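Hello,

I am handing over the structure below. My notes on it follow.

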Amino acid sequence: KARNSHEPEFMQAVQEVAETVLPYIAQHDIYSGKNILLRMVEPERAITFRVSWVDDEGEIHVNRGYRIQMNSAIGPYKGGLRFHPSVNMSILKFLAFEQVFKNSLTTLPMGGGKGGSDFDPKGKSDAEIMRFCHSFMTELCRHIGPNTDVPAGDIGVGAREVGYLFGMYKKIRNEFTGVLTGKGLSWGGSLIRPEATGYGTVYFAQSMLETKGDSFKGKKVVISGSGNVAQYAAEKVLHLGGTVLTLSDSSGFIYDKDGIDEDKLAHVMYLKNEKRVRISEYVEKYPDAAFHPGKKPWGVACDVALPCATQNELDGEDAKALLANGCIAVAEGANMPSTPEAIHAFHEHKILFAPGKASNAGGVATSGLEMSQNSLRISWTRDEVDERLKGIMKNIHDMCVSYGEENGYVNYVKGANIGGFVKVADAMLAQGVV
Ligand code: NDP
């Protein structure tokens with residue numbers, strides 16, 4: 001505790017795991033007395049480095065780059081890169097720690113890692129983004145490799161950034177390998193990877209609803225964020241017959257009482273992925289919708305909530321508002337978007353609640369499928385990848401149920417933590433104290 005007390009997000013993520021995993025360790029002799037969780041909370045390696053780059057006016061900037069190589073017991077480190085001004089050691093360690101459990105849950109052979117920079121991509125030209133990514137990779141390239149550490153995207157790192165990062169890796173190392181996932185289709189990417197986190201979150205929520213004999217059909221759904229995860233979560237909700245009422249970004253949320261249908265969602269994708277502007281521009285084309293500046297969408301009456309923006313975006317008060325409005329299910333598309341108070345409220349009211357490390361694992365699972373396709377030098381069809389993704393999400397759901405059921409109520413947090421823990425702990429025990 002003392003060693004990490006200055007890292008609040010990391011402490012929060014570890015606390016949540018410890019609460020469910022420590023009692024399990026105490027009940028299972030093979031894990032007790034081995035300090036296994038203590039070993040898991042210390043990164044195998046944490047790298048920070050200087051990233052200097054030149055803007056379009058010729059001014060030199062310096063940012064800090066990071067890669068946290070958390071745990072490689074079951075496979076090469078795997079996890080995204082985040083470019084956002086809030087990035088620091090605490091946030092990346094929390095993400096890397098969660099990633100270890102998440103990757104284990106997918107059943108694919110991937111260890112856990114995370115990285116990024118405090119660089120702010122907002123308002124930067126394409127040339128500036130490229131120069132930053134190239135500079136970032138000149139250092140990162142010596143720490144990663146297809147059998148060592150395979151980064152991917154996260155907040156602020158999408159297909160464009162992965163392209164620039166991959167280009168510089170290939171130039172320096174003179175090899176074409178699957179060292180990054182989320183690549184473009186013509187150069188080693190996988191179909192369905194862009195959609196996978198959002199789709200997977202909704203598949204998971206659908207499995208939860210099915211345990212109650214229910215489905216997305218006719219459900220009112222509120223979604224936060226309007227980036228990669230939020231866009232494809234919205235798309236899958238529409239496929240399954242639900243109505244999407246909200247989307248958001250860091251400036252506020254839009255509420256479209258008539259529902260954000262496929263045409264409107266295509267416009268959101270244009271605004272966010274091509275024009276790269278604020279979500280408030282939505283109401284210029286659809287004036288019947290409302291933009292609420294500086295607000296989060298949790299006060300809008302709904303059946304299902306999908307937080308898909310960032311950590312700690314849904315607090316105890318937000319949870320109370322959702323519950324008061326009759327929300328029956330929350331599935332996290334983002335990593336740790338619900339605060340401990342919010343999770344407590346969901347559990348107390350016994351609604352369906354899926355933690356991100358289970359419900360958003362579809363992204364990294366499909367990255368694992370991208371790695372397999374790269375190694376085999378083949379490409380699977382869209383349907384093949386989607387079927388595998390569905391199967392993986394169903395397995396994760398069922399594993400959470402088997403470890404998380406308590407007197408007829410499924411505590412998916414407990415299920416995900418223990419389900420993810422067992423495989424990594426067993427591998428660590430088998431490999432000895434290293
Ligand atoms: P994007 O960068 O594509 O989108 C992020 C969205 O969240 C944007 O709408 C952004 O708004 C909003 N956002 C970011 N930070 C804040 C903040 N501090 N306050 C309010 N809104 C904010 O990222 P992704 O969609 O890829 O990632 C979203 C979440 O999903 C993250 O928690 C990520 O770790 C998690 N995740 C992503 C995976 C993936 O495959 N991409 C896999 C698993 C989890 P704005 O543009 O204004 O910043």
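Ala, Val, Leu, Ile, Met, Phe, Trp, Tyr, Cys and Pro are counted as nonpolar, Asp, Glu, Lys and Arg as charged, and the others, including Gly, as polar. By these classes, the shell around the ligand holds six nonpolar, 15 polar and three charged residues.

This is a predicted model, in which local features need pLDDT of at least 70 and side-chain atom pairs count only at pLDDT 80 or more, while totals for chains, interfaces and linings use all residues. Numbering starts from 1 along each chain as its sequence is written.

The ligand is surrounded by 24 residues (C-beta atom, placed from the backbone, within 6 Å of it). The closest are Gly-227, Asp-249, Ser-250, Ala-334 and Gly-363. Helix α7 (residues 228-239) gives the largest share of the shell, three residues. Helices (H or I, at least four residues) and strands (E, at least two) are DSSP runs, numbered from the N terminus. Because domain 1 (43-189) and domain 2 (194-359) both contribute residues to the shell, the ligand lies between them; the domain bounds come from an automatic or database domain assignment.

There is also an open sheet of seven strands, in the order β9-β8-β7-β6-β10-β11-β12, with mixed pairing (two strands pair if DSSP finds at least two bridges between them). β9 (290-293) and β12 (352-354) are at the edges with a single partner strand each, so one side of each has no neighbour in the sheet. Within the sheet, β10 (residues 304-306) and β11 (residues 329-331) pair in the parallel sense over two bridges, and Val-304 stands opposite Ala-329 in β11.

Regards
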